[in-house]
Amino acid sequence: MAEKRVAQIAGHLFPKGMLSGQVAIITGSGQGIGAEAAQLFAKEGAKVVVQDIDAAKANAVAKAINDAGGKATAVPGDMLNGDYINELVKKAAEFGGGKLHIIVNNAGFTWDGVIHKMTDKQWDTILALHNTAPFRLVRAAAPYFRVKDGEPRNIINISSTSGVNGNAGQINYGTAKAGVTGLSKVIAKEWGPSFGVRANTIAFGHILTRLTAAKEEGAFVTTPDGGKVALGIPKAQKESAGGTAYVDIPLRRPGTATEAASVILAVASPLFSYVNGQTIMVTGGRNM
């Protein structure tokens, strides 16, 4: 439904697509919200660089976009590797004919633990992925954003309500996602005045992804040293909420990946051309 609404608005106002002629890097776009965003961006005329640590998934998303008549390329790799980030920007600029317009810092995962049991490895990994990696990507892409060619440029950093309101068991993730807000605000103030770059944060609430699915489904990520981190929420924890699972959400349901991706598209589009340095809450009305 949300995708159809966006398409209707875009079709009337931007017949060539809201992002026509723009080049976008979307990290973590091999699945979930990132993959949905990649496809929406392509439908709106963007050339999309699909980034994911899972090469097979990244290639599959890029292929689906190209098969549908869009333009995409996959540049898989590990966002915790600084050399890879430089290569990502280089290949993205080549794909874009020497230009970059949009970065969506979406890649990430959770590695939960209560404060007194949180390990340094859990802490360091989550902050590196959600803070250091986006910073390195923005820094590497600076020559393509600090330009005065009259074309739109914007950076969208994905956060969470855990970074706005806090969440028990997520001291590392909550701290990292709070830092994302600062990243966006500094970019907006440094690159907005002279170069017109917009930078905003989107803080998602309960969205149906592998991070909110039952942990028993077996989703996991592999850390750089080969370790596996289980993703999701334990089934017992979900069931303990009973019929009140979504009672704190006024819409009484979680959001879908497509709905989340549609917000990313809207923020990237000309419809948000005067929105800068903001944190946009996408929660179905939940405030805590």
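Which does R286 count as, buried or exposed, and at what relative accessibility?

Analyst: R286 counts as buried, because its relative accessibility is 17%, where buried means under 20% relative accessible area, exposed means over 50%, and partly exposed lies in between (1.4 Å probe, protein chains only). The model is predicted, so that local features need pLDDT of at least 70 and side-chain atom pairs count only at pLDDT 80 or more, while totals for chains, interfaces and linings use all residues. Residues are numbered from 1 along each chain as its sequence is written, and side-chain values use heavy atoms, with hydrogens and water left out.

R286 forms a salt bridge with D248, with 3.4 Å between the closest N and O atoms; the term requires a side-chain nitrogen of Lys or Arg within 4 Å of a carboxyl oxygen of Asp or Glu. This pair links distant parts of the chain, 38 residues apart, since R286 lies in the segment after β9 (279–282) and D248 in the loop between α9 (235–240) and α10 (257–268). Helices (H or I, at least four residues) and strands (E, at least two) are DSSP runs, numbered from the N terminus. D248, at 40% relative accessibility, counts as partly exposed. In general, side chains of opposite charge can pair when their charged atoms come close.

The loop between α9 and α10 also holds R252, which has a positive phi of about 60 degrees although it is not a glycine. R253 forms a salt bridge with E259, the closest N and O atoms lying 2.8 Å apart. R253 is partly exposed at a relative accessible area of 36%, and E259 is partly exposed at 25%.

A search of the whole structure finds 7 salt bridges. Among them is the pair D67 and K63, whose closest N and O atoms are 2.7 Å apart; both residues lie in helix α3 (residues 55–67), 4 residues apart, about one turn of the helix, and both are exposed. K99, D149, E151 and R153, in turn, are linked in a network of salt bridges.

Of the contacts with a separation of 6 or more, 70% are between residues 24 or more positions apart, a contact being heavy atoms within 4.5 Å.

The structure holds 1 cavity of 30 Å³ or more, and about 90 Å³ of space lies in the largest cavity. On a 1 Å grid over the protein atoms alone, a cavity is a set of points where a 1.4 Å probe fits but cannot get out, and lining residues have an atom within 4 Å of a point. The largest cavity is lined by 14 residues, with N105, N106, A107, L129 and P134 nearest its centre. α5 gives the most to this lining, with 4 residues.

Notes. 1 Å grid on protein atoms, 1.4 Å probe; cavity = no way out; pocket = protein on both sides within 12 Å on 5 of 7 lines; lining within 4 Å. Points joined across faces, edges and corners; volume = space filled by probe spheres on them.
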